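This report walks through a protein chain one part at a time. Please keep the sequence and the 3D view open beside the text as you read.

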Amino acid sequence: MCGIVGYWSETENAFDILLNSLKKLEYRGYDSFGFATLNNRDLMTERKVGKISDTQCERLPGNMGIGHTRWATHGKVNEINSHPHKDCSGKIAVVHNGIIENFKELRDYLEKTGHTLRSETDTEILAHLLEEGLKKGMSLKESVIRISNLVRGRNSFVALSSDTGEMIASRNGSPLILGITNGKEVFIASDIPAFLDKTKKVTYLDDGQICCIGEHLEFYDFKTGNQVQKRVIEIDWKAEEAELGDYKHFMLKEIMEQKETLISAMNQNKEHLIEVAKRINGAKGVFFIGCGTAARVCHIAEYVFSKVANKHINYITASEFENYEHFLLPETLVIAVSQSGETADVLDALNIAKRKGCKIISILNNPGSSMERISDYTFPINAGPEKAVASTKATTSQIAVVILLAYACIENIKEADRILLDLSGKVNDMLNPRYEAHIGYVAKQVYKNKDIFIIGRGINYPLAIESAIKLMEVSYIHAQGFAGGELKHGPIALIEKGTPVIALIAEDKTKEEILSNAMEVKSRGAIIIGVSPEKNEIFDYWIKTPKVDEVASVIANLIPIQLLSYNIGILRGYNVDYPRNLAKSVTVR
Ligand code: G6P
């Protein structure tokens with residue numbers, strides 16, 4: 001949800017570096033983008049509508065600057081609403097990620113006191129409030145501290161002033177990470193891939209902190225105004241993991257990487273698995289929470305825990321979590337599932353849980369994220385950077401960790417290891433060029449349809465819902481997932497001649513029933529795409545999946561659906577990595 005970059009150097013021209021960094025954050029928003037640089041105390045700006053990678057930019061001079069790629073919240077997608085935003089004097093520029101909740105009252109106040117606001121955004125008020133501080137004789141630092149305490153909601157921003165020649169960042173909610181090199185240059189960004197090709201040494205700005213960026217970095221707590229010391233840590237991501245390499249799209253690259261990422265996900269601290277399993281077994285209520293695809297993983301977790309550990313866990317979409325607040329006790333466990341570790345609704349839910357004294361566990365991909373920092377235990381899924389907006393490899397790795405945890409609850413992690421090793425070997429065999437070509441062929445049969453339905457039973461029911469999300473995200477075809485038994489309670493009315501219905505089938509006790517459900521719609525004209533280890537005469541098209549353990553069948557069945565969605569999106573001519581209206585990291589409620 002918006003990407004921020006900033007760069008300071010003693011000597012280098014900032015623009016090329018900002019441009020390169022911002023391109024790597026495009027997944028966070030791609031409605032419009034912009035830059036501001038300081039050139040000998042001249043503030044230069046450039047703003048454009050559209051995707052940065054598709055647009056020609058004019059190089060701005062200067063050795064420090066900021067950049068922003070926007071996912072619109074306040075105001076239409078146009079140049080005026082693009083960041084950076086400036087104050088009345090044009091000497092302060094601000095880029096921002098978040099939503100200022102008291103925006104209306106602050107805007108009214110600024111207009112009454114003579115400021116001219118040009119855009120419809122909430123961001124612009126930050127520039128004018130900073131201007132007000134400087135006019136009152138404050139330093140830029142004091143003014144940043146003042147407004148950081150004034151604005152409500154999750155807000156992070158970076159301000160650049162031509163009057164003082166300074167760049168200052170403030171974080172409250174949305175991530176900001178500094179990339180540190182040799183003291184001659186400093187990067188700041190919403191996410192590490194922005195500067196991963198330049199440095200792996202990072203410092204995480206925490207919520208409630210500001211950083212004055214330059215030759216010497218200074219950090220302050222904006223509540224107390226006190227200076228704070230920060231640690232520099234080295235992360236072990238590889239720069240090439242965040243690059244396309246030989247692939248045309250990140251989505252395809254990330255689908256293919258599942259040959260390896262399932263193995264990396266198994267690399268968990270066994271002691272932590274055992275400790276958390278003990279807590280799950282002794283807890284008064286276990287809640288799995290997440291948003292979007294990660295919420296589907298939580299739903300899948302409900303089946304995995306039931307089947308493996310004979311344990312009922314609750315899964316809740318994080319944005320609905322507050323409705324369950326009264327069930328929370330200090331002995332309740334809340335387990336967050338998230339790729340980014342920054343999703344606003346999940347963070348809000350975790351803060352509720354924290355207030356109630358619950359222990360917090362998280363299953364995350366992004367090291368050092370906000371969720372990691374408020375969790376008592378974190379299981380990193382080790383999938384490496386996931387750039388395509390539609391989650392693929394992170395999802396299957398999260399499911400793998402859920403399987404490990406469920407088996408840890410019955411003190412049999414070895415069995416989980418066996419299941420996952422068997423699965424990853426079979427996924428490796430499955431993802432070959434012939435298989436890809438076959439899925440491309442199936443995609444050609446259905447890409448012109450206006451609806452696709454997906455059915456599953458048992459653990460493949462939540463997977464049917466996830467499959468629908470994948471298809472919708474990248475193909476814009478209306479897709480819906482149902483429990484096989486539910487079709488005849490309404491949705492069957494939508495089946496007509498030629499409607500594709502995908503049946504997700506595992507070699508388990510639900511197999512016969514889901515085949516009957518498929519038959520019910522076939523006899524009403526549906527085209528059946530069977531995703532299963534065994535062929536069946538009712539399938540019009542068959543996508544073969546390997547025979548694996550029942551809980552692993554969701555991973556084996558999901559991967560071909562990811563590939564099918566990708567192929568349909570490509571056939572329909574869409575940019576599958578950056579689907580319209582979506583963003584990868586949703587840091588607004
Ligand atoms: C967005 C992404 C989804 C993701 C969801 C939750 O909607 O497009 O792929 O599942 O946010 O994000 P998280 O980072 O918490 O997994």
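## A buried strand and its partners

Strand 1 (residues 3–9) and strand 4 run antiparallel and are joined by six bridges, where strands are DSSP runs of E with at least two residues, helices are runs of H or I with at least four, and both are numbered from the N terminus. Within this pairing, Gly6 has Ile66 of strand 4 as its bridge partner. Strand 4 also pairs with strand 2 (residues 32–39), again in the antiparallel sense, over seven bridges, and there Phe33 stands opposite Thr69. Two strands are said to pair if DSSP finds at least two bridges between them.

Is strand 4 enclosed or open to the outside? Seven of the seven residues of strand 4 (residues 64–70) are buried, so the strand is largely enclosed by the rest of the structure. Buried means a relative accessible area under 20%, exposed means over 50%, and partly exposed lies in between, with a 1.4 Å probe and protein chains only. Both faces are covered, with Met64, Ile66, His68 and Arg70 buried on one side and Gly65, Gly67 and Thr69 buried on the other.

## How the model was read

This is a predicted model, in which local features need pLDDT of at least 70 and side-chain atom pairs count only at pLDDT 80 or more, while totals for chains, interfaces and linings use all residues. Residues are numbered from 1 along each chain as its sequence is written, and side-chain values use heavy atoms, with hydrogens and water left out.

## The chain as a whole

The chain holds 16 helices and 25 strands, and its C-alpha trace spans about 80 × 50 × 45 Å along the principal axes. A compact globule of 589 residues would have a radius of gyration near 25 Å, and the chain, with 25 Å, agrees; this radius is taken over C-alpha atoms, and the globule rule is 2.2 Å times the number of residues to the power 0.38. Buried residues make up 60% of the 589 residues. Among contacts (heavy atoms within 4.5 Å) between residues at least 6 apart in sequence, 71% join residues at least 24 apart.

## Other strands

Strand 19 (residues 359–364) is mostly covered, with five of its six residues buried. Strand 18 (residues 333–338) pairs with strand 19 in the parallel sense over six bridges, and Ala336 stands opposite Ser362 in strand 19.

Elsewhere, seven strands form an open sheet with antiparallel pairing, in the order 5-6-7-8-12-13-14. Strand 5 (85–86) and strand 14 (227–228) stand at the edges with a single partner strand each, so one side of each is left without a neighbour in the sheet. Strand 14 is joined to strand 13 (residues 218–221) by two bridges in an antiparallel arrangement, where Phe219 stands opposite Val228.

## Backbone details in the loops

Most residues other than glycine have a negative phi, and most peptide bonds are trans. Asn40, although not a glycine, has a positive phi of about 45 degrees; Asn40 is placed in the loop between strand 2 and strand 3 (42–49) and counts as exposed at 72% relative accessibility. Asn310 likewise has a positive phi, of about 55 degrees, and lies in the loop between helix 8 (292–309) and strand 17 (314–317).

Which residues does a cis peptide bond join? The bond joins His83 and Pro84, with omega about -5 degrees, and Pro84 lies in the loop between strand 4 and strand 5.
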